[in-house]
Every structure is written in C-alpha cells, then in structure tokens.
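Here are my notes on the model, for reading alongside the structure. They take the pockets and then the sheet.

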Amino acid sequence: MEFNKTTWAFLILLLNFSPISIFSQDTLKTANVEAILYVGNDKSQPLIVGLGGSEGGNAWTKDYWKKTRQEFIDKGYAFLAIGYFGCKNTPSILNQIAINDVHNAIMEASKNKKINKNKIAVIGGSRGADLALLLGSYYQDISCVIGMSSSNVVFPGHTQEFTTSCWTLNGKELPFVPVNEEAVPFLMKHDLRGTFEAMLKDTIAEEKAIIKVENIKGSILILSGTKDEMIPAVQMGNKMISRLKNNKFRYAYEHQIYEGSHAEPTKHFDKIFAFLEKNFK
C-alpha cells in the first residue's frame, strides 16, 4: 500500500494531536518493595510516587487508578507505583514496614535519565498517606507530599495483637499509639473511628508517635472527609496544620476539607493537579 502526500500529512497530524501520551513501563529491582515505573518521552520529568493504603497490593497499577495514572503521565510527570505489602516478595501484612526500603525504591527510580531527581512528590491514601508523610519527614529529597485521609501519628501494625508498629526505620520500630482499654469496646464492635478516637485520648503516646511534618522539605497538601468512618481525619489534619504554623513552616501547605467519607479525598484530583502545578511542578 502506497501513501500519497495527503495521507502522510493526515497521519502526522494525528500523531501530533493524539491525546494519549506514549510511555515506557519498567519493573525495578528493589528489595521488599514492588516498584513499577511509568516514564513519558519528555526530558527532566518530575516524579510522582503513588502509595496505596491498607488494602495492600500495588494499588496504582490496577485498572481502577489507570485513568488517573495516565493523567499524570499526560501532564508530563513520570509515575512510580509502589506496593509495600501484599505483593510478590514484599511483607504479607501491614506491619513493621521498613520505610527505608520504600525510599530506596524511589531513589532507584530517580536514576532514570528522563527523571528530574530534584522533583519528587509522594502521594498516598489512608495508611499510604501516613507513609507519604513519614517519607517526607525523614528524607530531604522528597519535595512535595500529598496525603488523602491522613493520620498525624503512627498507629499499630495490622496484627491480631496490635503490639507492634506499622513502620520501621533502619531496623527500629517507630513509636506508635497503642490500643488502650477504652478503645477495646469500639474495636469489638468494628467501629474503627471510635477505636482511633479512644486511642488518641492517650496524649502522651500521641506526642511520642507524632509525625513531624515540619521536617518536610517541600509543599504539603492534606485532604480530609468530614464523615470519615475510619479515622478522625479532619481533626488529625487540623493538628498537622497547627504544627506547621507553630513551626513557621516555610513551604506551601493546605488542608482541603470535603463533605464525605474516608474515600472522598480520592474524588478531587482536579484540586491535587492544581496544587502540584502551583507548588511543585
């Protein structure tokens, strides 16, 4: 089949105005973490790191998040989808997860020649939001953190005993707020929000387990739902904002509050993209 000049011109026009970005996909070799990197064709792409929550697995590789992940790529970002438990060669449950393993995976991705290693944003939901905040608070190469339905403290790992921390750093457990006696009746009723609210009455444990958001070296966006059925997200988000104000935090920060449940913040990626464009990209 021969193409004439008109046909070639039409094909070039289609390629130039195609709404779908061409990208490469690569599974990185990383210890205890599943890391899948999506990279577009642009040079010096900012890196977005996506973290799932307590559902486990590598959430950002799933069909549910495919459209949003593609939108990041279309806007010129590289995207790293990380599974830190419930994947092949990762811990089986959300307990004593080594945040340095997750950071090592991010650093491995940043070696890609098309990625701007000075522009790394971490975004997570629920426990993934807690992990995003912790990564930013411990590692200075994270320049933006976005937490959807975030906690301001570290909580126990998801074991039957609740006697260990969700997270470790360099082999040591991070301090966590334990399940106290007042929380047990709520836990027995599967009232998660009531459980966490009771646990947070232990103000001494809360202070020891606090996530030091003021140490983050970049912009912070917190999104919370007023009717969160799992955690008191609005209250914890407000505590983080107060902490930033009290420490005269010098980067941009916002707490966006929406009417809705634990999943409500995941419905507002238009606000997330706008925040990234203004305060990160």
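**Notes on the predicted model**

1. Start with the second largest pocket. Its lining residues divide into eight nonpolar, eight polar and one charged. This is a predicted model.

2. The second largest pocket has a volume of about 250 Å³. It is lined by 17 residues. Nearest its centre lie Gly53, Glu55, Gly125, Ser126 and Thr266.

3. The largest pocket has a volume of about 340 Å³. Its lining counts 20 residues, and Arg127, His158, Phe162, Leu192 and Phe196 are the closest to the centre.

4. Which helix gives the largest share of the lining of the largest pocket? Helix H6 (residues 192–199) does, with four residues. By type, the lining of the largest pocket divides into ten nonpolar, nine polar and one charged.

5. Now the sheet. Eight strands form an open sheet with mixed pairing, in the order E1-E2-E4-E3-E6-E7-E10-E11. Strands E1 (24–27) and E11 (253–258) stand at the edges; each has a single partner strand, so one side of each is left without a neighbour in the sheet. From one strand to the next, the twist averages 15°.

6. Look at one pair. Strand E3 (residues 45–51) and strand E4 (residues 78–83) run parallel, paired over five bridges. Leucine 51 has isoleucine 82 in E4 as its bridge partner.

7. Helix H3 (residues 99–109) packs on the sheet. H3 touches strands E2 (34–39), E3, E4 and E6 (115–125), and its direction makes about 150° with that of E4.

8. Helix H8 (residues 233–246) lies across strand E10 (219–225) and E11. H8 runs at about 160° to E11.

Methods
Residues numbered from 1 in each chain as written. Predicted model: local features only at pLDDT ≥ 70, side-chain atom pairs only at ≥ 80, totals over all residues. Heavy atoms only, no water. 1 Å grid on protein atoms, 1.4 Å probe; cavity = no way out; pocket = protein on both sides within 12 Å on 5 of 7 lines; lining within 4 Å. Points joined across faces, edges and corners; volume = space filled by probe spheres on them. Helix = DSSP H or I, 4+ residues; strand = E, 2+ residues; numbered from the N terminus. Nonpolar A, V, L, I, M, F, W, Y, C, P; charged D, E, K, R; others polar. Pairing = 2+ DSSP bridges. Axes fitted to C-alpha atoms, helices over the stretch in contact; angles between N-to-C directions. Contact = heavy atoms within 4.5 Å.
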